[in-house]
Amino acid sequence: MLVSAGGVIGSLFRYLLGALLPSTAEGNLVANIIASAFAAHILVLMERRGLTALRYFLLPGICGGLGTFSAVTFEAVVPNEGGTWFLVLNILLSFAAVAISLPLSRMLIRQR
């Protein structure tokens, strides 16, 4: 139930991103970057505060509903969409989002 409820919220947020950004590729890229950064932040929050009760709602739910790796994969293999470079860009920028979010979250969220 928690994963489903979070998935609805993440999917709705992804839909809103699609309405704001002109291309599907840009929407997918931004959604994946946000989902990766948010997941890293949530992991630090759980690590520092011991908040694991909402883990299924937040990580596979909201982050899973927001992140769109299946769409990125589709765009990477379909001719005239994003191509391999788009897939690599998604992976690198998602890793960069985690690399920035983890230390920032660790700096902002104090240990209990």
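Modeller: Before we start, a helix here is a DSSP run of H or I with at least four residues, and helices are numbered from the N terminus. With that in hand, Ser101 has its place in helix 5. Keep in mind that this is a predicted model.

Colleague: Okay! What makes Ser101 buried?

Modeller: Buried means a relative accessible area under 20%. Ser101 has 9%, so it counts as buried.

Colleague: Which residues is Ser101 in contact with, leaving aside its neighbours within four places in sequence?

Modeller: Those are Ala37, Ala40 and His41. Contact means heavy atoms within 4.5 Å.

Colleague: And why is Gly82 called partly exposed?

Modeller: Gly82 has a relative accessible area of 26%, so that is the class it gets. You'll find Gly82 in the loop between helix 4 and helix 5. Its C-alpha is 8.0 Å from that of Val72, and the two residues are ten apart along the chain.

Colleague: Let's zoom out. What does the secondary structure of the protein come to?

Modeller: Five helices and zero strands. Along the sequence, the pattern reads α-α-α-α-α. The C-alpha atoms fill a box of roughly 50 × 30 × 20 Å along the principal axes. The protein has 112 residues, and 33% of them count as buried.

Colleague: How do you know that the span of helix 2 is close to the expected one?

Modeller: Helix 2 covers residues 24-49, which is 26 residues. From first C-alpha to last it reaches 36 Å, and at 1.5 Å a residue you'd expect 38 Å.

Colleague: What about the span of helix 3?

Modeller: Helix 3 has twelve residues, 55-66, and reaches 15 Å, close to the 16 Å expected. Its buried residues are Phe57, Leu58, Leu59, Gly61, Ile62, Cys63, Gly65 and Leu66. They pack against helix 1 and helix 2.

Colleague: Now the pairs. Why are helix 2 and helix 5 called roughly parallel?

Modeller: Their axes cross at roughly 30° and come within 8 Å. Angles under 35 degrees count as roughly parallel, so helix 2 and helix 5 get that name. Their crossing is right-handed.

Colleague: Which residues of helix 2 and helix 5 make the contact?

Modeller: On helix 2, they include Ala37, Ala40 and His41. On helix 5, Ser101 is one of them, and Leu93 and Ala97 also take part. By class, this contact has twelve nonpolar, eight polar and three charged residues.

Colleague: And what makes helix 4 roughly antiparallel to helix 5?

Modeller: Helix 4 is residues 69-77 and helix 5 is residues 83-108; their axes come within 7 Å and cross at roughly 150°. The cut-off is over 145 degrees, so helix 4 is roughly antiparallel to helix 5. Phe69, Val72, Glu75 and Ala76 of helix 4 make the contact with Gly83, Thr84, Phe86, Leu87 and Asn90 of helix 5. That comes to five nonpolar, three polar and one charged residues.

Colleague: Last one: among contacts between residues at least 6 apart in sequence, how many join residues at least 24 apart?

Modeller: 73% of them do.

Definitions and conventions. Residues numbered from 1 in each chain as written. Predicted model: local features only at pLDDT ≥ 70, side-chain atom pairs only at ≥ 80, totals over all residues. Heavy atoms only, no water. Helix = DSSP H or I, 4+ residues; strand = E, 2+ residues; numbered from the N terminus. Expected span 1.5 Å × (residues − 1). Axes fitted to C-alpha atoms, helices over the stretch in contact; angles between N-to-C directions. Parallel < 35°, antiparallel > 145°, perpendicular 65-115°, else oblique. Nonpolar A, V, L, I, M, F, W, Y, C, P; charged D, E, K, R; others polar. Left-handed = near helix turned anticlockwise from the far one by under 90°. Buried < 20%, exposed > 50% of the residue type's maximum accessible area, 1.4 Å probe, protein only.
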